[in-house]
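Please keep the structure open while reading.

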Amino acid sequence: MASLSFGRIRAASVSSLADDSPSGSPFRLLTLNSTVCLPPAYIGRSMQGFEELLNARLLRYDPRLGGVPLTYSDIKIKGNAGRVFNELPELIYEVSMKCLVFATPSGMRMKGTINEVTAGHITLLVCGAFQVSIAKDQINERYTFDVSSTAWKSSSNSAETIKIGVEVWFKVLKVHDKAGAWFIEGSMIDDNLGVAQSPI
(Lines give C-alpha, C1' and ligand atoms only; values in the text may rest on other atoms or scores of the structure.)
Protein backbone atom coordinates (compact mmCIF):
# COMPACT_ATOMS: atom_id res chain seq x y z
CA MET A 1 0.00 0.00 0.00
CA ALA A 2 1.24 3.47 -0.86
CA SER A 3 1.94 5.90 1.92
CA LEU A 4 2.75 9.56 2.17
CA SER A 5 4.93 10.71 5.02
CA PHE A 6 5.93 14.33 5.27
CA GLY A 7 9.54 14.65 6.36
CA ARG A 8 10.88 11.13 6.80
CA ILE A 9 9.78 7.58 6.22
CA ARG A 10 6.38 6.90 7.79
CA ALA A 11 6.64 9.99 9.98
CA ALA A 12 3.83 12.45 10.56
CA SER A 13 5.76 15.67 10.14
CA VAL A 14 6.32 18.34 7.52
CA SER A 15 9.92 18.50 6.35
CA SER A 16 9.57 21.76 4.46
CA LEU A 17 6.63 24.07 3.95
CA ALA A 18 6.39 27.50 2.33
CA ASP A 19 3.25 29.63 2.37
CA ASP A 20 2.55 31.85 -0.67
CA SER A 21 -0.98 32.93 0.35
CA PRO A 22 -2.15 36.47 1.18
CA SER A 23 -2.47 37.37 4.84
CA GLY A 24 -5.94 36.95 6.31
CA SER A 25 -7.13 34.45 3.69
CA PRO A 26 -8.25 30.95 4.75
CA PHE A 27 -6.80 29.62 1.49
CA ARG A 28 -3.09 28.86 1.74
CA LEU A 29 -0.92 27.85 -1.21
CA LEU A 30 1.77 25.66 0.31
CA THR A 31 4.92 24.25 -1.22
CA LEU A 32 5.61 20.85 0.36
CA ASN A 33 8.72 18.71 0.33
CA SER A 34 7.65 15.18 1.16
CA THR A 35 8.79 11.59 1.33
CA VAL A 36 6.48 9.25 -0.59
CA CYS A 37 6.59 5.44 -0.33
CA LEU A 38 5.11 3.44 -3.21
CA PRO A 39 4.84 -0.36 -3.58
CA PRO A 40 6.79 -2.11 -6.37
CA ALA A 41 3.56 -2.34 -8.40
CA TYR A 42 4.05 1.34 -9.29
CA ILE A 43 7.44 0.85 -10.93
CA GLY A 44 7.31 2.74 -14.21
CA ARG A 45 4.16 4.64 -13.23
CA SER A 46 5.16 6.48 -10.09
CA MET A 47 3.20 9.62 -11.03
CA GLN A 48 -0.02 7.58 -11.07
CA GLY A 49 0.82 6.33 -7.60
CA PHE A 50 1.43 9.86 -6.31
CA GLU A 51 -1.88 11.07 -7.74
CA GLU A 52 -3.88 8.16 -6.29
CA LEU A 53 -2.31 8.74 -2.90
CA LEU A 54 -2.94 12.48 -2.91
CA ASN A 55 -6.50 12.16 -4.22
CA ALA A 56 -7.36 10.01 -1.18
CA ARG A 57 -6.25 12.85 1.13
CA LEU A 58 -8.23 15.67 -0.45
CA LEU A 59 -10.98 17.26 1.69
CA ARG A 60 -9.69 15.51 4.84
CA TYR A 61 -8.36 17.57 7.73
CA ASP A 62 -4.60 17.19 8.12
CA PRO A 63 -3.10 18.65 11.32
CA ARG A 64 0.36 18.58 9.72
CA LEU A 65 -0.85 21.10 7.16
CA GLY A 66 -3.05 22.97 9.61
CA GLY A 67 -6.09 22.56 7.40
CA VAL A 68 -7.84 20.68 4.61
CA PRO A 69 -6.05 20.05 1.29
CA LEU A 70 -8.26 21.03 -1.65
CA THR A 71 -6.03 20.59 -4.69
CA TYR A 72 -2.43 19.80 -5.54
CA SER A 73 -0.25 20.59 -8.53
CA ASP A 74 3.28 20.79 -9.86
CA ILE A 75 4.45 17.40 -8.53
CA LYS A 76 8.19 17.02 -9.00
CA ILE A 77 10.43 14.06 -8.18
CA LYS A 78 13.82 14.94 -6.75
CA GLY A 79 16.51 12.85 -8.39
CA ASN A 80 16.09 10.41 -11.24
CA ALA A 81 14.37 7.52 -9.45
CA GLY A 82 13.08 6.10 -6.20
CA ARG A 83 15.31 4.31 -3.72
CA VAL A 84 15.05 1.31 -1.42
CA PHE A 85 15.61 1.65 2.34
CA ASN A 86 17.10 -1.40 4.06
CA GLU A 87 14.77 -4.40 3.76
CA LEU A 88 11.61 -2.41 3.01
CA PRO A 89 9.98 -3.35 -0.33
CA GLU A 90 8.60 0.12 -1.01
CA LEU A 91 10.20 2.57 -3.41
CA ILE A 92 10.98 5.80 -1.62
CA TYR A 93 10.76 9.13 -3.46
CA GLU A 94 11.58 12.65 -2.41
CA VAL A 95 8.83 14.78 -3.92
CA SER A 96 7.90 18.46 -3.98
CA MET A 97 4.44 19.77 -4.81
CA LYS A 98 2.12 22.71 -4.39
CA CYS A 99 -1.01 22.22 -2.31
CA LEU A 100 -3.98 24.54 -1.83
CA VAL A 101 -5.16 24.22 1.77
CA PHE A 102 -8.23 25.61 3.51
CA ALA A 103 -6.90 26.64 6.93
CA THR A 104 -8.72 28.44 9.76
CA PRO A 105 -6.47 29.23 12.73
CA SER A 106 -8.03 30.09 16.09
CA GLY A 107 -9.09 33.72 16.26
CA MET A 108 -9.66 34.17 12.50
CA ARG A 109 -12.77 36.18 11.66
CA MET A 110 -14.90 34.77 8.87
CA LYS A 111 -18.31 35.15 7.28
CA GLY A 112 -20.68 32.26 6.65
CA THR A 113 -24.28 31.59 5.63
CA ILE A 114 -26.72 30.07 8.13
CA ASN A 115 -28.16 26.71 7.06
CA GLU A 116 -29.62 25.44 10.35
CA VAL A 117 -31.05 27.17 13.42
CA THR A 118 -32.08 25.55 16.72
CA ALA A 119 -32.40 26.68 20.34
CA GLY A 120 -29.14 24.90 21.15
CA HIS A 121 -26.89 25.93 18.28
CA ILE A 122 -26.64 27.31 14.77
CA THR A 123 -24.72 25.87 11.83
CA LEU A 124 -23.46 27.67 8.77
CA LEU A 125 -21.40 27.13 5.67
CA VAL A 126 -18.24 29.02 4.78
CA CYS A 127 -17.49 29.38 1.06
CA GLY A 128 -20.58 27.26 0.46
CA ALA A 129 -18.79 24.09 1.54
CA PHE A 130 -17.21 24.08 5.01
CA GLN A 131 -19.38 23.50 8.07
CA VAL A 132 -19.28 25.69 11.17
CA SER A 133 -21.11 25.02 14.43
CA ILE A 134 -21.81 27.73 17.01
CA ALA A 135 -23.27 26.63 20.36
CA LYS A 136 -25.85 28.81 22.12
CA ASP A 137 -23.34 29.78 24.83
CA GLN A 138 -21.15 31.25 22.06
CA ILE A 139 -23.91 33.52 20.73
CA ASN A 140 -23.89 37.13 21.92
CA GLU A 141 -26.39 37.80 24.73
CA ARG A 142 -28.16 40.44 22.63
CA TYR A 143 -29.70 37.55 20.69
CA THR A 144 -32.53 35.45 22.11
CA PHE A 145 -34.17 32.42 20.51
CA ASP A 146 -37.71 32.90 19.23
CA VAL A 147 -39.55 29.58 19.09
CA SER A 148 -42.38 30.78 16.84
CA SER A 149 -40.03 31.87 14.04
CA THR A 150 -37.18 29.42 14.79
CA ALA A 151 -34.70 32.28 14.76
CA TRP A 152 -32.37 34.21 17.06
CA LYS A 153 -33.50 37.83 17.29
CA SER A 154 -31.57 40.85 18.46
CA SER A 155 -32.91 42.81 21.42
CA SER A 156 -31.32 46.00 20.12
CA ASN A 157 -32.32 45.79 16.45
CA SER A 158 -35.56 44.11 15.34
CA ALA A 159 -34.23 43.77 11.79
CA GLU A 160 -31.18 41.83 12.98
CA THR A 161 -32.30 38.20 12.93
CA ILE A 162 -30.26 35.01 12.73
CA LYS A 163 -32.21 32.68 10.45
CA ILE A 164 -31.58 30.33 7.54
CA GLY A 165 -29.98 32.11 4.59
CA VAL A 166 -28.58 35.03 6.59
CA GLU A 167 -24.86 35.81 6.54
CA VAL A 168 -23.10 36.26 9.87
CA TRP A 169 -19.62 37.16 11.07
CA PHE A 170 -18.01 34.78 13.54
CA LYS A 171 -14.65 33.95 15.09
CA VAL A 172 -12.94 30.56 14.78
CA LEU A 173 -12.38 28.78 18.09
CA LYS A 174 -10.93 25.48 16.86
CA VAL A 175 -11.29 22.67 14.34
CA HIS A 176 -12.73 19.31 15.39
CA ASP A 177 -11.71 16.17 13.50
CA LYS A 178 -13.45 12.92 14.41
CA ALA A 179 -13.02 9.76 12.33
CA GLY A 180 -12.51 11.75 9.14
CA ALA A 181 -15.47 14.08 9.73
CA TRP A 182 -14.35 17.60 10.56
CA PHE A 183 -16.00 20.93 11.32
CA ILE A 184 -15.14 24.37 12.65
CA GLU A 185 -16.29 25.45 16.10
CA GLY A 186 -17.10 29.15 16.07
CA SER A 187 -18.12 31.98 18.35
CA MET A 188 -20.28 35.10 18.05
CA ILE A 189 -19.81 36.39 21.59
CA ASP A 190 -17.90 39.55 20.64
CA ASP A 191 -20.09 42.61 20.09
CA ASN A 192 -18.76 43.17 16.56
CA LEU A 193 -19.80 39.68 15.45
CA GLY A 194 -23.24 38.54 14.32
CA VAL A 195 -25.53 39.36 11.40
CA ALA A 196 -23.43 40.74 8.55
CA GLN A 197 -24.79 44.18 7.82
CA SER A 198 -21.46 45.58 6.65
CA PRO A 199 -17.86 44.32 6.45
CA ILE A 200 -15.92 44.30 9.72
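Which residues does Glu160 touch, not counting those up to four places away in sequence?

## Surroundings of Glu160

The model is predicted. In it, Glu160 touches Arg142, Tyr143, Trp152, Lys153, Ser154, Val195 and Gln197, with residues up to four places away in sequence left out.

Glu160 lies in the loop between strand 10 (151-154) and strand 11 (161-162). Its relative accessibility is 8%, so Glu160 counts as buried, the cut-off being under 20%.

## Strand pairing

Strand 7 (residues 121-126) and strand 8 (residues 130-135) run antiparallel and are joined by 6 bridges. Within this pair, Leu125 is opposite Gln131 of strand 8. The two strands form a hairpin with 3 residues between them, and Cys127 in the turn has a positive phi of about 55°.

Strand 8 also pairs with strand 13 (residues 181-187), running parallel to it through 2 bridges. Here Val132 has Ile184 of strand 13 as its bridge partner.

## Nonpolar cores

The largest nonpolar core has 27 residues, and Ile122, Ile162, Phe170 and Met188 have the most contacts inside it. At least two residues of this core come from each of strand 4 (68-83), strand 6 (109-117), strand 7, strand 8, strand 12 (167-178) and strand 13. Strand 12 supplies the largest share, 4 residues.

Leaving aside neighbours within four places in sequence, Met188 is in contact with residues including Ile122, Ile134, Ile162, Phe170 and Leu193. A second, separate core has 17 residues, among them Phe50, Leu53, Met97 and Ala103.

Key: Residues numbered from 1 in each chain as written. Predicted model: local features only at pLDDT ≥ 70, side-chain atom pairs only at ≥ 80, totals over all residues. Heavy atoms only, no water. Buried < 20%, exposed > 50% of the residue type's maximum accessible area, 1.4 Å probe, protein only. Contact = heavy atoms within 4.5 Å. Pairing = 2+ DSSP bridges. Core = buried A, V, L, I, M, F, W, Y, C linked by side-chain atoms within 4.5 Å.
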